[in-house]
Amino acid sequence: MGIRKDRYKAMVPQVVAPLTLKGASTPTRHESPASHTKHKLKFTLPGPMTIIDTVADGHYGDRVKMAFALPNCSTRKRARYRPTESTSFSLTRPAFNVFMDEVPDWGIKALERAAQGLTCATAVHICLWLRHQGQQLTGRRRWAANGGSMSRFFPAIAKSSIQQVAIECRNSKVPLDLLALLTGKVVQAGVIDVASDTVETAEDVVKVIDAVSKFVPKSNIVATTNCGMAPMRRDIAEAKLAALGAGAKLARQQLG
């Protein structure tokens, strides 16, 4: 079916009956990385609006109704797993910048329902519509061109119970002044471009953090990659993550 407002076609699963939970994999996935580090962990899950954009509705007859059925499953799933304060959950929302008019209407409410009951930090990742079918540049132009629409739902996110917002900032043409609308939120600023094999330097990372700090208090900035870590050669991925760490350390030294 067509997804992201029919921008490209994809084979998708189909909902043919009421959504129910059969099992939970999150506890197992947490135990493995937690055994290797004492640092904080972040788990990323797709949000309701994104899921319904990549699932065919053969039961509910209403995509919004189906979206609100999903958080019910998520809540029961997490009831079997109690994340600690050293864990954060991030709900990724590539659909947010596609269905911008629907975000303030019901998208954020569905997001809050999905995060209901969590005692750890909660975040939303607003992904550019990117890197699919060679449409990366189009996605960046769309973001810049739709600043007016995004300025509508950024204040809505600021008023939500979600605590952190992850935004792609490195090579993404994001109008950084929009970040000022995320009042009171921790901003996970993407300082590493995962759509390029070019390895950033620590200085490159500092430049992005400095630019973001013009609109977000430094105490509310967390340096991260643009969008997880896309499949790439292991040596490149490791070099990019090393640059991320070195750049964050340098930024603390230079920017205070």
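**Close-up views of a predicted model**

**View 1. The cysteines of the chain.** Cys 169 has a relative accessible area of 12% and is therefore buried, since that value lies under the 20% cut-off. The model shown here and in the views that follow is a predicted one. Cys 120, with a relative accessibility of 4%, falls under 20% as well and so also counts as buried. Disulfides number zero in the structure.

View 2. Between S9 and S10 the chain passes through helix H7, residues 202-212, in a β-α-β crossover that is right-handed.

**View 3. Helix H8 and what covers it.** Helix H8 takes in residues 234-255, and because its 22 residues should span 32 Å at 1.5 Å a residue, the 31 Å between its end C-alpha atoms agrees with that expectation. The buried residues in H8 are Ile 236, Ala 237, Lys 240, Ala 243, Leu 244, Gly 247, Ala 248, Leu 250 and Ala 251. An α-helix has 3.6 residues a turn, so residues three or four places apart point the same way. After H8 comes Gly 256, which has a positive phi near 80°.

**View 4. Pro 104 in helix H4.** Helix H4 consists of residues 103-115, and Pro 104 lies within this helix. With a relative accessibility of 28%, Pro 104 counts as partly exposed, because its value lies between the 20% and 50% cut-offs. When neighbours within four places in sequence are set aside, the residues in contact with Pro 104 are Arg 152, Phe 153 and Ala 156. Ile 157 is 53 residues away from Pro 104 in sequence, while the C-alpha atoms of the two residues are 8.1 Å apart in space.

**View 5. Confidence along the chain.** The mean pLDDT of the chain is 80, and 76% of the residues reach a score of at least 70. Confidence is highest in helix H7, with a mean of 98, and lowest in helix H5, residues 136-145, with a mean of 45. Residues 75-81 have a pLDDT below 50, and in the model this stretch makes 25 contacts beyond near neighbours in sequence. For residues 129-147 the pLDDT likewise stays under 50, and the model has 42 contacts for them beyond four places in sequence.

**View 6. The chain as a whole.** The secondary structure of the chain amounts to eight helices and ten strands. Of the 256 residues in the chain, 46% are buried.

Definitions and conventions:
Residues numbered from 1 in each chain as written. Predicted model: local features only at pLDDT ≥ 70, side-chain atom pairs only at ≥ 80, totals over all residues. Heavy atoms only, no water. Disulfide = S-S within 2.5 Å. Buried < 20%, exposed > 50% of the residue type's maximum accessible area, 1.4 Å probe, protein only. Right-handed = clockwise from strand over helix to strand, strands pointing away. Helix = DSSP H or I, 4+ residues; strand = E, 2+ residues; numbered from the N terminus. Expected span 1.5 Å × (residues − 1). pLDDT = per-residue confidence, 0-100. Contact = heavy atoms within 4.5 Å.
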